[in-house]
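Here's a quick briefing on the salt bridges in this protein.

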Amino acid sequence: MATRRAVITGLGAVTPLGVNVPEFWRRLIAGERGLRRITLFDPAGLRNDQAGEISDWRFDPAEYGLPHEPDRATQFLLAAVREALAGAFATPHRRDAGATDGKLGAVLSTNFGGAEAWEEYARSLREPPVDPEMLHEFRFDTAVEYLAQVVPIHLSGPVMCLSLACASGAAAIGMAADVIRAGDAEVMLAAGYDCLAPSPLAGLSVLHTITTEDIRPFSKTRSGTLFSEGAGVLVIEDLEHARARGAEPLAEVLGSAQNNNAFHITAPDEGGAGMQRVLRRALEQAGLAPEQVDYINAHGTGTEHHDPAETEAIKAVLGAHAYQTPVSSIKGAIGHMMGAAGAVEILATVLALRNGLLPPTVNLDECDPNCDLDYIPNFAREQEIQHAVSISAGIGGSNAVVVLGKV
C-alpha cells in the first residue's frame, strides 16, 4: 500500500494584522505591526498594556446557525474555520454540499480555551444564582461542540483538543497530518486559537515572559515578548482525495515531530538541545537533508534565553548551511498568539512557499552577537523556496516542528 501524503488545501486566519488570510498576508509582507494598547479590559497591573488585540471584532451567531454567542476565542476559531473551508471546498456552508465523501476530523489547540468565559463565571459566583451555561462555555472541548454544529461536513473522524502551551498549534498540524497518513480520515481541520483575558496575561506577567518595552526578536535589546489573540486554521487532506475532487494543494506536510525539554518551566535547555532533537526528527520524517532546508519560520519570542537557544539549535542541526538559510520570526509583527501561534506561523510559511516571498522579522534592530543568522530584518524578501521549516516552543518545555514542501 502506497504511503498517504498529507497536503494543505485551505487556510483561515484571524490575527491582529487582519481577520482573513489575504489581509494578514498583505500587511505582514508590508512590514506592518498589529500591536496596540489593550482596550478589552483595564490592563493596570500587567507588565505591559500593549498586546495584539483584534480590533472592531464582530460575530453574528445567526450567520453560523448558532442559537447564542460562543466565547471570544471560539468565535475566532469558527471564523477561521469558515474561511479555511471556503478555500478548500466550493460550497462550504451547506451541510448537504457533498464536499467530501470521506471522514472529516479535527485537531484543535489552545492555551487558555474560553478564558474570557471562565473569568465571567468566576465573577458571577459572587452574585448567585449562577447560569449553568457559563460553565459550559469555558470547557476546552466546548469548541468541538460548536465546530460540529457549523461545519458543512459530518465530523465523523478523530477529534482532539491539545494544550501544549506555545507549541500547541504546530503540534496540532503535525498530529492532523499523522491522522491523514494513517488513513483514519481523508480531511482534517488543524487549528490553534486563543483570546486575550486578564488572568492569562497576569500569569504571563508574573513569569516575566512579557516585556516592559517592545518585542524585538533576535535583537541585542530584546527583553521579552508581547501576547496576542486570534486563530489559525489549516485544512489538511489526503493528496489522492484532494486530486479526486479537483482541489489544488497549497503545500505538503512532509514531516513533523514533538518533544519536551523536561528542563524548566520557561527557559530552554542549554544549547536548545530539545529543539535540536525535534528538528532532526522532523527532517528525518520528511526525508530531507539539512542542506535542503530553504527557509525557517522561527519561534523567535524576543525573550532573553530563547532566541540564542533557538539559534544554537538551528546551527547544530543545519551546520554550515545554517548561515545560508534565511530565518524570520513574525512575532515582531503580530505578537505571540499563544495557542494560535504555531498554526498562524505555519500558515505564513505556506504562503511564503506559494508566493516566493519571505516575511520579515520586523522591529529587529541591532542583532545579538549570539544570534548571528540571516533573520530577514524589517523588510520582506523575494526568494523562491522548495522546503521550509516552522519551529514552535512552549512554556513547560514543549517543542514542535513542522516541515513543509511544494507539491
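**Salt bridges at a glance**

R222 and D368 pair up through their side chains in a salt bridge, at 2.7 Å from N to O (that is, a Lys or Arg side-chain nitrogen within 4 Å of an Asp or Glu carboxyl oxygen). R222 sits in the loop between helix 7 (198–206) and strand 7 (230–238), and D368 in the loop between strand 11 (357–358) and strand 12 (381–382), so the bridge ties together parts 146 residues apart in sequence. Helices (H or I, at least four residues) and strands (E, at least two) are DSSP runs, numbered from the N terminus. This is a predicted model: local features need pLDDT of at least 70 and side-chain atom pairs pLDDT 80 or more, while totals for chains, interfaces and linings use all residues. Residues are numbered from 1 along each chain as its sequence is written, and side-chain values use heavy atoms, leaving out hydrogens and water.

- D372 and K315 form a salt bridge at 3.0 Å, N to O.
- That pair links D372, in the loop between strand 11 and strand 12, to K315 in helix 10 (residues 306–318), 57 residues apart.
- D372 is partly exposed at 33%, while K315 counts as buried at 17%.
- R82 and E63 also form a salt bridge, at 3.5 Å, N to O.
- Here R82 is partly exposed at 29% and E63 is exposed at 52%.

**The whole structure**

Key: Buried means under 20% relative accessible area, exposed over 50%, partly exposed in between (1.4 Å probe, protein chains only).
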